[in-house]
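This briefing goes with the sequence and model shown below.

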Amino acid sequence: MTDRGLLDMIHGTPWIIDLLTWFDFEVARAADGPIQPVTLTSGEPLEAIAGDGTGGCFLLVGTGDLRPVLYVGSECEGGLVARSLRDALALVVGVSSLHDATTIPAEQNDGRDLRDFLGRTDSEIREDHPELDANRDRLRRALGLPPVEDTLLRSLQAAAADFRYRPLTEQGVRLRPMLTWLEKAEEAAHPTVAEPPVAVAPSSPPDEPLPGQITLF
């Protein structure tokens, strides 16, 4: 199924819309768009498909059958989430939040630190929402979503680090990376170049006539 077909299926199934909203993927917020207009340096078209409770927005990139999914947050952060809508939804449904899944490097301690952290955040959610796992299973079966394993977590962080998909504001300012530990490295690799000051030609003293000019006073 293409990403467009998957999105049409979601739009045509009210219980899926409701359950995705429970996982903070709110299709009804698509009309709001991102908190500020953004573009990509490639010029590829962007289509808002959902929002979340923090004011963030999910956007499809391009026009192909499988379209990358971009996230633009409300704190001036953003980047690529996945190379297809199905993988993006697998992450939305399968982890406590994308913000949690981009907090700790996936390679750190062979992935154990991130897995342990996500396990703890899931346990906290289950305390108030014991239906968490049942809701995940229901959406996975309906949408054909893969479970979230190390490969998908590493794929998320690799996508979020892809500088080509870092959105730009209308002023041409690039949003901060979702992976906070990349910020200093990117500043070093892509420094902001200040515009040189405009040179002002020196003016002639007012009491010194130009050659051939008659002094009146």
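This is a predicted model: local features need pLDDT of at least 70, side-chain atom pairs count only at pLDDT 80 or more; totals for chains, interfaces and linings use all residues.

The protein has eight helices and six strands, and 40% of its 217 residues count as buried.

- The buried residues of H3 are Leu 85, Ala 88, Leu 89, Ala 90, Leu 91, Val 92, Val 93 and Gly 94.
- Helix H1, residues 3–11, packs against H3, residues 85–94, with the axes 9 Å apart and at an angle of about 45 degrees. H1 is therefore oblique to H3.
- On the H1 side, the residues that meet H3 are Asp 3, Leu 6, Leu 7 and Ile 10. Their counterparts in H3 are Leu 85, Arg 86 and Leu 89.
- Sorted by class, the contact of H1 with H3 has five nonpolar and two charged residues, with no polar ones.
- Two residues of this contact, Leu 85 and Leu 89, are also among the buried residues of H3.

**Overall organisation**

- Along the sequence, the order of elements is α-α-β-β-β-β-β-α-α-α-α-α-β-α.
- Among contacts between residues at least 6 apart in sequence, 55% join residues at least 24 apart.

**Helices H5 and H6**

- The axes of H5 and H6 cross at roughly 105 degrees and come within 9 Å. This makes H5 roughly perpendicular to H6.
- H5 contributes Asp 122, Ile 125 and Arg 126 to the contact, and H6 contributes Leu 132, Asp 133 and Arg 136.
- The contact of H5 with H6 divides by class into four charged and two nonpolar residues, and no polar ones.

**Cavity**

- How many cavities of 30 Å³ or more does the structure hold? There is one, and the volume of the largest cavity is about 40 Å³.
- The lining of the largest cavity consists of Ala 106, Gly 111, Leu 114, Arg 115, Asp 150, Leu 153 and Arg 154.
- Helix H5 (112–128) and helix H7 (150–160) are the elements that give two or more residues to this lining. The largest share, three residues, comes from H7.
- By class, the lining has three nonpolar, one polar and three charged residues.

**Glu 149, in the loop between H6 and H7**

- Glu 149 sits in the loop between helix H6 (132–143) and H7.
- Is Glu 149 buried or exposed? Its relative accessibility is 53%, so Glu 149 counts as exposed.
- Glu 149 and Gly 94 are 55 residues apart along the chain, and their C-alpha atoms are separated by 9.2 Å. Gly 94 is one of the buried residues of H3.

**Tyr 165, in the loop between H7 and S6**

- Tyr 165 lies in the loop between H7 and strand S6 (168–169).
- Tyr 165 has a relative accessibility of 12% and therefore counts as buried.
- Which residues does Tyr 165 contact, leaving aside its neighbours within four places in sequence? They are Leu 40, Glu 44, Val 61, Pro 68, Leu 70, Gly 79, Leu 80 and Arg 83.
- The C-alpha atoms of Tyr 165 and Thr 41 are separated by 7.9 Å, although the two residues are 124 residues apart along the chain.

How values were computed:
Residues are numbered from 1 along each chain as its sequence is written. Side-chain values use heavy atoms; hydrogens and water are left out. Axes are lines fitted to C-alpha atoms, for helices over the stretch in contact, and angles run from 0 to 180 degrees between N-to-C directions. Helices (H or I, at least four residues) and strands (E, at least two) are DSSP runs, numbered from the N terminus. Angles under 35 degrees count as roughly parallel, over 145 as roughly antiparallel, 65 to 115 as roughly perpendicular and the rest as oblique. Contact means heavy atoms within 4.5 Å. Ala, Val, Leu, Ile, Met, Phe, Trp, Tyr, Cys and Pro count as nonpolar, Asp, Glu, Lys and Arg as charged, and the others, Gly among them, as polar. On a 1 Å grid over the protein atoms alone, a cavity is a set of points where a 1.4 Å probe fits but cannot get out, and a pocket is an open set with protein on both sides within 12 Å along at least five of seven lines; lining residues have an atom within 4 Å of a point. Grid points are joined across faces, edges and corners, and a volume is the space filled by probe spheres set on the points. Buried means under 20% relative accessible area, exposed over 50%, partly exposed in between (1.4 Å probe, protein chains only).
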